[in-house]
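Good morning, and thank you for coming. Please look at the sequence and the structure on the screen while I speak.

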Amino acid sequence: MDQNNSLPPYAQGLASPQGAMTPGIPIFSPMMPYGTGLTPQPIQNTNSLSILEEQQRQQQQQQQQQQQQSVATAAASVQQSTSQQSTQGASGQTPQLFHSQTLTTAPLPGTTPLYPSPMTPMTPITPATPASESSGIVPQLQNIVSTVNLGCKLDLKTIALRARNAEYNPKRFAAVIMRIREPRTTALIFSSGKMVCTGAKSEEQSRLAARKYARVVQKLGFPAKFLDFKIQNMVGSCDVKFPIRLEGLVLTHQQFSSYEPELFPGLIYRMIKPRIVLLIFVSGKVVLTGAKVRAEIYEAFENIYPILKGFRKTT
Amino acid sequence: MPSGSRCPDCGSSELVEDSHYSQSQLVCSDCGCVVTEGVLTTTFNDEGNLREVTYSRSTGENEQVSRSQQRDLRRVRDLCRILKLPPTFEDTAISYYQRAYQLPGIRDARLQKKEVLVGCCVLITCRQHNWPLTMGTICTLLYADLDVFSGTYMQLVKLLGLDVPALCLEELVKSYCSSFRLFQASSPIPAKYVEDKDKMLSRTLLLVELANETWLVTGRHPLPVITAATFLAWQSLRPSARLTCSLAQFCKLANVDLPYPAASRLQELLAVLLQMASQLAWLRVLKLDKRTVVKHIGDLLQHRHMLVRMAFRDGTAEAETQEQEQGEQGQQEEAEDRTFNLSKRKRPSSPAPLLPPCMLKPSKRTHPTPSISTVTGDEDISDSEIEQYLRTPQEVRDFQRAQAASQAAMSVPNPP
């Protein structure tokens with residue numbers, strides 16, 4: 001996969017957020033490590049993978065390529081890229097990610113060569129979203145809800161009697177509530193054999209916790225299996241660190257937002273694509289929920305961030 | 001019952017007394033011809049005064065509409081009349097209710113929800129005409145819980161796909177202020193507390209606008225802010241006589257309920273006014289505090305735009321410029337400082353950030369940075385870990401014994 005592994009060219013096409021292009025500052029250095037910028041790289045798996053994971057993959061590949069190439073062609077690269085190294089300026093941190101060798105590769109069709117130097121003209125590229133610089137903020141996952149089918153009927157009274165970490169109050173709720181310490185989660189176990197596991201902070205933790213609950217039920221004497229594990233809901237949160245004029249946001253995005261200060265202090269934004277509900281507060285904190293996969297949360301936040309930035313300075 | 005008369009159409013003598021709704025009729029059972037009819041009206045009053053009975057009070061309308069829906073439609077009309085809404089609102093609210101009733105989610109709902117739905121329809125109608133009706137008022141009138149109301153309201157807006165505009169703050173201020181009983185001298189209100197309605201209204205509007213600009217209204221219930229603003233406006237119009245009156249006393253005199261958050265909104269508004277006052281040279285020397293600043297609210301409001309701009313730096317602008325100038329951090333801040341330098345030299349107080357109060361207060365608990373876990377989900381689960389969650393047989397026996405004992409103890413108090 002011979003990709004143009006340097007900074008996504010769209011970022012150069014922008015009026016750079018760094019202000020005037022000052023010499024000595026590598027224009028691409030802050031962008032890649034933060035990772036959530038949208039890459040206009042040809043299509044491939046941007047739908048299935050999260051942007052973050054894809055960029056991590058790219059970085060790993062770059063590093064591998066660098067290691068392979070640097071040994072063989074160190075001398076050649078020095079000769080070839082002296083002209084471009086001179087424009088590179090002080091780029092102390094870049095060699096880890098981008099090797100000068102890669103700069104000499106032929107640009108892919110539709111992408112510009114890297115530097116806005118007089119030698120290489122910049123072809124304008126429409127960025128994937130308008131005014132899209134990466135937000136640099138990654139939402140943290142706070143809660144994962146998953147379900148699994150244990151595949152056998154259960155006697156809840158027996159479970160409540162013989163397990164230490166179980167509570168069962170049939171008058172209040174028709175399920176056993178069981179908790180384990182690591183990963184710190186809670187499970188609702190129903191007599192039909194279906195189980196709901198909540199409280200995990202990542203998909204793998206949720207799966208591990210569900211397996212532990214199944215093991216507990218197994219040890220209690222039931223022929224429990226582990227069928228149809230599915231993540232039903234993921235909740236993430238993050239902070240954009242500036243106040244937001246919710247009244248303005250509800251005026252411009254009326255069809256998606258619902259803001260009733262008499263009922264709830266936050267604005268409820270129902271995004272259509274991806275189908276995520278966001279709770280936006282005046283302090284700039286955003287809660288994203290309703291996702292089935294992690295990528296939906298990241299995508300939703302990348303979609304909302306430019307909208308929120310539009311409401312940053314309204315005084 | 002055969003009364004000896006014959007049907008004029010077919011001549012049969014099988015005449016039956018069969019009432020059509022409330023009208024008694026003599027009908028031929030062979031051909032269905034109506035021989036004689038009784039009177040339609042049911043009361044002597046109506047008959048005597050020769051008044052016709054309106055369609056909505058007759059039985060004709062009730063054929064297709066179920067009883068609960070009829071009752072609720074009547075309730076919608078009654079609510080509109082109690083609130084003294086213009087007559088067009090009634091029809092709109094009724095139409096919303098009828099539309100809502102078609103939805104399966106609403107039609108099968110409990111009666112409690114349908115009662116609350118009446119209030120929701122009226123509220124939506126008022127909002128669309130910018131009539132300032134708060135949810136609290138509706139809930140009080142319906143004797144309903146705000147939680148139930150909010151759930152039904154959100155569901156209704158979503159299902160009908162309605163575009164409900166926000167509560168009009170200006171109209172709310174006008175109607176709420178007018179409800180304060182301070183515009184005429186009456187027995188509990190001393191003369192020095194009576195105030196002119198227009199002056200108070202205009203000043204309250206300015207204070208609410210100021211609160212809106214300085215992030216005190218976003219995300220909060222609007223009413224307590226307006227209460228605090230009204231109180232400050234009233235105090236500032238005659239501070240010498242009114243400074244001794246507290247917010248609670250004021251609301252009691254004015255015969256208005258004091259909402260709980262109003263006290264903290266008052267403090268926030270006073271803090272903003274103090275910040276603004278620190279930018280006026282002749283006020284800075286007076287060293288104002290939260291009580292004495294009330295005397296100068298008139299001046300502060302007159303120059304509010306300029307004072308807000310001077311008193312508060314835009315906290316977000318600072319952050320953005322810092323982001324941009326990573327390589328040359330000093331320069332941009334210096335430029336910013338230069339514009340403030342002039343003010344800084346003359347005015348000792350540095351501009352405070354213009355942020356909502358929730359962002360100004362330090363967070364109570366430190367948010368722990370999430371540790372990166374390397375869980376794969378497919379690890380082995382050790383038996384010992386699972387064993388810790390299971391009771392030993394001895395524990396099980398003890399637990400069963402304890403359960404039996406508690407059962408016995410519970411059944412003892414009931415004498416045979």
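Let me begin with a definition: a disulfide is a pair of cysteine sulfur atoms within 2.5 Å. A search of the whole structure finds 0 disulfides over all chains. B:Cys28, for instance, is in no disulfide, and the nearest cysteine sulfur, that of B:Cys10, is 3.6 Å away. Is B:Cys28 buried or exposed? With a relative accessibility of 2%, B:Cys28 counts as buried; the term means under 20% relative accessible area, while exposed means over 50% and partly exposed lies in between, with a 1.4 Å probe and protein chains only. B:Cys33 is also buried, at 14%.

Two remarks on how to read these values. This is a predicted model, in which local features need pLDDT of at least 70 and side-chain atom pairs count only at pLDDT 80 or more, whereas totals for chains, interfaces and linings use all residues. Residues are numbered from 1 along each chain as its sequence is written, chains are lettered from A and ligands numbered from 1 in the order in which they are written, and side-chain values use heavy atoms, leaving out hydrogens and water.

I turn now to the interior. A nonpolar core is a set of buried Ala, Val, Leu, Ile, Met, Phe, Trp, Tyr and Cys residues joined through side-chain atoms within 4.5 Å. The largest one here has 86 residues, and those with the most contacts inside it include A:Leu278, A:Ile280 and B:Leu232. Its largest share, 9 residues, comes from helix α10 of chain B, residues 222–237; helices (H or I, at least four residues) and strands (E, at least two) are DSSP runs, numbered from the N terminus. Apart from this core lies another, of 36 residues, among them B:Cys126 and B:Phe149.

Next, the interface. How many residues does each chain bring to the contact? Chain A gives 48 residues and chain B gives 56, where contact means heavy atoms within 4.5 Å. The buried area, that is, the accessible area (1.4 Å probe) that two parts lose on being put together, summed over both, is about 4700 Å² between chain A and chain B, and carbon and sulfur atoms give 55% of it. On the chain A side, A:Leu161, A:Arg164 and A:Glu262 lose the most area to chain B, together 17% of what that side buries.

Finally, there are 7 salt bridges between chain A and chain B, each a side-chain nitrogen of Lys or Arg within 4 Å of a carboxyl oxygen of Asp or Glu. B:Asp378 and A:Arg207 form a salt bridge through their side chains, at 3.1 Å from N to O. The largest share of the side of chain A that touches chain B, 9 residues, comes from α7(A).
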